[in-house]
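Open the model in a viewer and keep the selection tool at hand. The stops below are given in the order to select them.

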Amino acid sequence: QVQLVESGGGLVQPGGSLRLSCAASGSILRFHPMGWYRQAPGKEREAVSRISNGYHVYTDSVKDRFTISRDNAKNTVYLQMNSLKPEDTAVYYCYYDNWTSKYWGQGTQVTVSS
């Protein structure tokens, strides 16, 4: 059983920064991928970033603005979000993928507005 708990969301002005955290507990292996999706109102959930064995993948709209990292000792994945835009407003979900199942956190709201 795997549980994921996100934190770090909130309200920020355009151009600002936030750092999301996702702490995983249970049967976690460091070589299994972790990452982030987001879902904006009225839109489908979209993949934002993924980290696996040190390799990072980003969707085009967040490249050069978001950075994913992982602390394997703490079973925690982070998403540093800089230069935030109103279109980044969404509920952000972290996940852990053991190649059999994908486990999800409860989501954290990020709102970018002046």
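Predicted model: local features only at pLDDT ≥ 70, side-chain atom pairs only at ≥ 80, totals over all residues.

**Stop 1: the core.** Select Leu4, Trp36, Phe66, Leu79, Met81 and Tyr92. The largest nonpolar core has 27 residues, and these six touch the most other members. Next, colour the strands that each supply at least two residues of this core: strand 1 (2-7), strand 3, strand 4, strand 5 (46-52), strand 7 (66-71), strand 8, strand 9 (90-97) and strand 11 (108-112).

**Stop 2: Tyr92.** Keep Tyr92 and show what surrounds it, leaving out neighbours within four places in sequence. Its contacts include Trp36, Phe66, Leu79 and Met81, which are also among the core members picked at the previous stop. Tyr92 is also in contact with Glu6, Leu20, Tyr37, Arg38, Val48, Gly107, Thr108 and Val110.

**Stop 3: Thr76.** Move to strand 8, residues 76-81, where Thr76 is located. Is Thr76 buried or exposed? Thr76 is buried, because its relative accessibility is 8%, under the 20% cut-off. Draw a distance from a polar atom of the Thr76 side chain to the backbone oxygen of Lys74: the value is 2.9 Å. Not counting residues up to four places away in sequence, Thr76 touches Ser21, Cys22 and Ala23, as well as Ser69, Arg70 and Asp71.

**Stop 4: the surface patch.** Select Leu29, Phe31 and Trp99 and switch to a surface view. Together they make a nonpolar surface patch of about 320 Å². Within this group, Leu29 sits in the loop between strand 3 (18-26) and strand 4 (34-39). With a relative accessible area of 39%, Leu29 is partly exposed.

Terms used: Residues numbered from 1 in each chain as written. Heavy atoms only, no water. Helix = DSSP H or I, 4+ residues; strand = E, 2+ residues; numbered from the N terminus. Buried < 20%, exposed > 50% of the residue type's maximum accessible area, 1.4 Å probe, protein only. Polar contact = N/O pair within 3.5 Å; in protein donor to acceptor, adjacent residues only side chain to side chain. Contact = heavy atoms within 4.5 Å. Patch = residues over 30% accessible without salt bridge, like charges linked within 9 Å, V, L, I, M, F, W, Y side chains within 5 Å. Areas by Shrake-Rupley, 256 points an atom, 1.4 Å probe, with all protein chains shown as cover. Salt bridge = Lys/Arg side-chain N within 4 Å of Asp/Glu carboxyl O. Core = buried A, V, L, I, M, F, W, Y, C linked by side-chain atoms within 4.5 Å.
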